[in-house]
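Visitor: I would like a close look at one single part, and then at how the rest is arranged around it. Please keep it brisk.

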Amino acid sequence: MAVKVYIVYYSMYGHVEKLAEEINKGAASVEGVEAKLWQVPETLPNEVLGKMSAPPKSDVPVITPNELSEADGFVFGFPTRFGMMSAQFKAFLDATGGLWRTQQLAGKPAGIFYSTGSQGGGQETTALTAITQLVHHGMIFVPIGYTFGAGMFEMEQVKGGSPYGAGTYAGDGSRQPTELELQQAFHQGKYIATITKKLKESA
């Protein structure tokens, strides 16, 4: 049976979604791994989204909490809101109480990726504060560390991401993920998929 890796994310303006697409490609590049993209439900009404100039959602399917139990591993992504995950993703996790009670996600590996508005906007705190969600589910947090190599030490250009996971900067919304940030996202997907596969095969 294929090893299932779910890339589950919330993206308002598309920055997180671009990273998610690369993470999905990276995970799918590992032999025997079936990667799938999922969005979490939007919690804001269309009227509010319109006032925020948010573009329409893509056609990536919307996940329900119980569907998480089907996967062997995860990569969770979200934009930051004051140094923590967005309310939309938190609301989705708040609905996973049934999975928590039965510990259906316990022992499953999970990584984290993110987007912030500025260099001091939460590239590390967004991931760090999200780890509590994994802990209560008994999940195994898989940081990328410095496995991305030289790209982790880039100093000539602005680069999102950290040892916690892939990341990007949205700025005023016009900045898009750079090639290096996308490469790091691909690496994260491949890295976590490889670890997920090893864990499933050793079970």
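In which helix is Thr-126 found, and which residues does that helix span?

Guide: Thr-126 is found in helix α5, which spans residues 125-137. Helices are DSSP runs of H or I with at least four residues, strands are runs of E with at least two, and both are numbered from the N terminus. A caution on the source: this is a predicted model, where local features need pLDDT of at least 70 and side-chain atom pairs pLDDT 80 or more, while totals for chains, interfaces and linings use all residues. Residues are numbered from 1 along each chain as its sequence is written, and side-chain values use heavy atoms, without hydrogens or water.

Now the site. Thr-126 counts as buried because its relative accessibility is 0%. Buried means under 20% relative accessible area, exposed means over 50%, and partly exposed lies in between, with a 1.4 Å probe and protein chains only. Set aside residues up to four places away in sequence. Thr-126 then touches Phe-78, Thr-80, Gly-83, Met-84, Met-85, Tyr-114 and Thr-116. Contact here means heavy atoms within 4.5 Å.

Ser-115 lies in strand β5, residues 109-116. With a relative accessible area of 5%, Ser-115 is buried.

His-15 leads on to Ser-174. The two are 159 residues apart along the chain, yet their C-alpha atoms are separated by 9.8 Å. Ser-174 is found in the loop between β7 (167-169) and α6 (179-202). The residue counts as exposed, because its relative accessible area is 56%. Its side chain makes a polar contact of 2.5 Å with the side chain of Asp-172. Such a contact is a pair of N or O atoms within 3.5 Å; within protein, one must be able to donate a hydrogen and the other to accept it, and residues adjacent in sequence count only if both atoms are side-chain atoms.

Phe-82 has a positive phi of about 55 degrees, although it is not a glycine. At 88% relative accessibility, Phe-82 counts as exposed. Gln-103 is another non-glycine with a positive phi, about 50 degrees. Gln-103 is found in the loop between α4 (97-102) and β5. At 32% relative accessibility, Gln-103 counts as partly exposed.

Next, charge pairs. The structure holds six salt bridges. Each is a side-chain nitrogen of Lys or Arg within 4 Å of a carboxyl oxygen of Asp or Glu. One of them joins Glu-22 and Lys-25, with the closest N and O atoms 3.0 Å apart. Both lie in helix α1 (residues 15-28), three residues apart, about one turn of the helix. Glu-22 is buried at 17% relative accessibility, whereas Lys-25 is partly exposed at 47%. Another bridge links Lys-90 and Asp-94, at 2.7 Å from N to O. These two sit four residues apart in helix α3 (residues 87-94), so about one helical turn separates them. Glu-181 and Arg-175 also meet in a salt bridge, at 3.1 Å from N to O. Glu-181 counts as buried, because its relative accessibility is 0%.

Finally, step back to the whole protein. There are six helices and seven strands. Along the sequence they follow the pattern β-α-β-α-β-β-α-α-β-α-β-β-α. The radius of gyration is 16 Å, close to the 17 Å that the globule rule gives for 203 residues, so the protein is as compact as a globular protein of that length. That radius is taken over C-alpha atoms, and the rule is 2.2 Å times the number of residues to the power 0.38. The C-alpha atoms fill a box of roughly 45 × 40 × 30 Å along the principal axes. Of the 203 residues, 49% count as buried, Thr-126 among them. Among contacts with a separation of 6 or more, 74% join residues 24 or more positions apart.
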